[in-house]
Structures are given as structure tokens and as C-alpha cells.
Amino acid sequence: MLTCPLCSAPLSAVDNGVACPLGHRFDRARQGYLNLLPVQHKNSRDPGDNLAMVEARRDFLNAGHYAPVARRLAELAAERAPGRWVDIGCGEGYYTAQLAEALPAADGYALDISREAVKRACRRNPRLTWLIASMARVPLADASCQFIASVFSPLDWQEAKRLLSRGGGLMKVGPTSGHLMELRERLYDEVREYTDDKHLALVPAGMALEHSEVLAFKLSLANAQDRANLLAMTPHGWRASAERRARVIEQPEPFEVSISMRYDYFVLQ
Ligand SMILES: C[S@@+](CC[C@H](N)C(=O)[O-])C[C@H]1O[C@@H](n2cnc3c(N)ncnc32)[C@H](O)[C@@H]1O
């Protein structure tokens, strides 16, 4: 199902990698992933999340703070029983690995543009096909997937639509306006308001919202490392002032914060 990122022809397995009939060849890294991001498709030397962000997110998620979010995503995916699925913008693979567990018989793919993220993600499940690739040019064939996950990630809607077979769908998970409210109130004098359904205006013709739900719970972050990781994995890690960030991290009492995630499922009609 993989396609060449340079000419879109099908890729097939060759010694320690994949190649297309025109001779474009891509090696498998020692860790097991394929790098299908040609240098001419990169807009910087190291695109995507950097090592510090990836490690902060991995440590925070591995501590289980967002376990209910991953569990619900896995349930929603299992209900749809796709034959083939892809996690676009998989990061360091926390949600991807749980999707794979919930979909043991399916053919699973995961991609991210960040090398540091994919290098770590692929350790989580060697049965999946892990790719360094851009969501703007996903190296998978047209209409090849029945389920796409997009978790806390930017999204190229047209490209996602191209990948879906009819009746297949895209599950988008992202924060609602109440997410991390207590944290944002401590970091900023004025908390920026945003509407959490502005992505609905981007949905391409031919795709329809079939299901929406919100998962909300309170999280108590007792240790400074967890609070530092949470800041480092979000834009607040650079947007808020250093002084406010330090105050949040170093405060002696546990810090309670609202988690509020929205799941939207769009079907290709
Ligand atoms: C906020 S992280 C979410 C990661 C993961 N889904 C999670 O929730 O743990 C967003 C991810 O999108 C990736 N990303 C950004 N632009 C991308 C692109 N053009 N193509 C593929 N991945 C991209 C980043 O490298 C990063 O890993």
C-alpha cells in the first residue's frame, strides 16, 4: 500500500528497504522505521517536534495522565473495525500503540514528520509500519484506509480524504476551549478564548460529521516534573513567560487541572 513520495508509484520490499519501479529507493532505519520524507519535501532541516518536546510528551503520557483519552480513542476505533488504518502526526506513538492493541487484525500505519518522534515511536510496536513522512504527501495509495486518526495534530484535510475508502472515516481528537483552563489562567493575564469547532469549516465536500463527543476529567499533578513536561509538550512551554512557568512548576501543592477533549468522526460518503 506504500507509494513512492517522489513519483507515487507503488513501493515494494527490497533488501533492507523499499523501492519503486523507477528505482527510487528508501532504506529501513536500524530502529525499523522507513524514512519517506525526501529532502526536497522538507521545509527545514529537522521539521516537526524537536527532541525536548518529544521526550516531554513521552514521559507525560507514559505516566498515564491521559490514559482515559487513549482508551476512549481505542474504543471508538475498535467499534469501526477498519481493515487498514493510519495515525497521521503520531508523535512518539502513545495513542498509536493503543490503537494497534485495539485493532489486532488490522494493517496499521503511523507517520510523523519528526525524526525524533518516529525513532522513539517505532519501539512501541514493531508490527506497525512507522514512517517519517509529511501529512501533506502521505505515501499511501488513494482510498487505501478505512480509518484515520489525527490526535492533537495539524491536518491536511484533502490529503486525508484522498486516503479514505468510501464509508471510511477520520477521527480527529483535540482540545475543547476548557482544556487546561486552570493552567492557562495561571500563565496568562488574559486567557485566550477560542472556539473548539472551527475545524468544522475545513471539512471537505463529501465528508460528513457522523459523531461528536467530549471527554472531560480533572487531573491532579502532584510533582514538578509532570508539570514541567505538560508545559514543554504544549505551546505554553514557549508562549508563557519564564517566570509564570517556573511558578506553576515549583508551586508546593498539587495542581488540579481540567482535561477536556473533543472527538469528531468524519465519514467519506
Ligand atoms: C502535538 S503533537 C501530537 C502527537 C501525537 N498525536 C500525540 O498526541 O501524542 C503534533 C505532531 O504533529 C507532527 N507534525 C507537524 N507537522 C507535520 C506534518 N506536516 N506532517 C506530519 N507530522 C507533522 C509533529 O512533529 C508532532 O509530532
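# Briefing on a predicted model

The axes of helices α7 (224-232) and α9 (residues 242-250) come within 8 Å and cross at roughly 145 degrees. Here axes are lines fitted to C-alpha atoms, for helices over the stretch in contact, and angles run from 0 to 180 degrees between N-to-C directions. The model is predicted, so local features need pLDDT of at least 70 and side-chain atom pairs count only at pLDDT 80 or more, while totals for chains, interfaces and linings use all residues. Residues are numbered from 1 along each chain as its sequence is written. Helices (H or I, at least four residues) and strands (E, at least two) are DSSP runs, numbered from the N terminus.

**Helices α7 and α9**

- On the α7 side, A224, R227, A228 and L231 take part, and they meet R245, V248, I249 and E250 in α9. Two residues are in contact if their C-beta atoms, placed from the backbone, lie within 7 Å.
- By class, this contact of α7 with α9 has five nonpolar, no polar and three charged residues. Ala, Val, Leu, Ile, Met, Phe, Trp, Tyr, Cys and Pro count as nonpolar, Asp, Glu, Lys and Arg as charged, and the others, Gly among them, as polar.

**Helix α1**

- Helix α1 (residues 51-62) has twelve residues, which at 1.5 Å a residue should span 16 Å; the end C-alpha atoms are 16 Å apart, in agreement. The expected span is 1.5 Å times one less than the number of residues in the helix.
- The buried residues of α1 are M53, V54, A56, R57, R58, F60 and L61. A residue is buried if 20 or more other C-beta atoms lie within 10 Å of its own, exposed if 12 or fewer, and partly exposed in between, with C-beta atoms placed from the backbone.
- Helices α3 (94-102), α4 (115-121) and α7 are among the elements that cover these buried residues.
- After α1 comes G64, with a positive phi near 90 degrees.

**Helix α2**

- A70 belongs to helix α2 (residues 67-80). A70 counts as buried because 21 other C-beta atoms lie within 10 Å.
- Apart from its neighbours within four places in sequence, A70 is in contact with Y94, Y95 and Q98.
- A70 and R127 are 57 residues apart along the chain, and their C-alpha atoms are separated by 19 Å.
- L76 also lies in helix α2, and L76 is buried because 20 other C-beta atoms lie within 10 Å.
- Not counting residues up to four places away in sequence, L76 touches M171 and Y263.
- L76 and Y265 are 189 residues apart along the chain, with 9.2 Å between their C-alpha atoms.

**Strands**

- An open sheet is formed by three strands in the order β1-β2-β3, with antiparallel pairing. Its edge strands, β1 (12-14) and β3 (25-27), each pair on one side only. From one strand to the next, the twist averages 30 degrees.
- Two strands pair if DSSP finds at least two bridges between them. Strand β2 (residues 17-19) is joined to β3 by three bridges in the antiparallel sense, and V18 has F26 in β3 as its bridge partner.
- Strand β4 (residues 34-35) runs parallel to strand β7 (residues 129-132), and two bridges join them. L34 stands opposite L131 in β7.
- Strand β6 (residues 107-112) pairs with β7 in the parallel sense over four bridges. The bridge partner of D112 in β7 is I132.

**Around the ligand**

- There are 19 residues around the ligand, and G48, G89, G91, I113 and S114 come nearest. A residue is near a molecule or strand if its C-beta atom, placed from the backbone, lies within 6 Å of it.
- The shell around the ligand divides into ten nonpolar, six polar and three charged residues.

- Most residues other than glycine have a negative phi.
- F152 is not a glycine, yet its phi is positive, about 55 degrees. F152 sits in the loop between β8 (145-151) and α5 (157-163), and it is partly exposed, with 17 other C-beta atoms within 10 Å.
- L180 is a residue other than glycine with a positive phi near 55 degrees. L180 is found in the loop between β9 (164-175) and α6 (181-187). With 19 other C-beta atoms within 10 Å, L180 is partly exposed.
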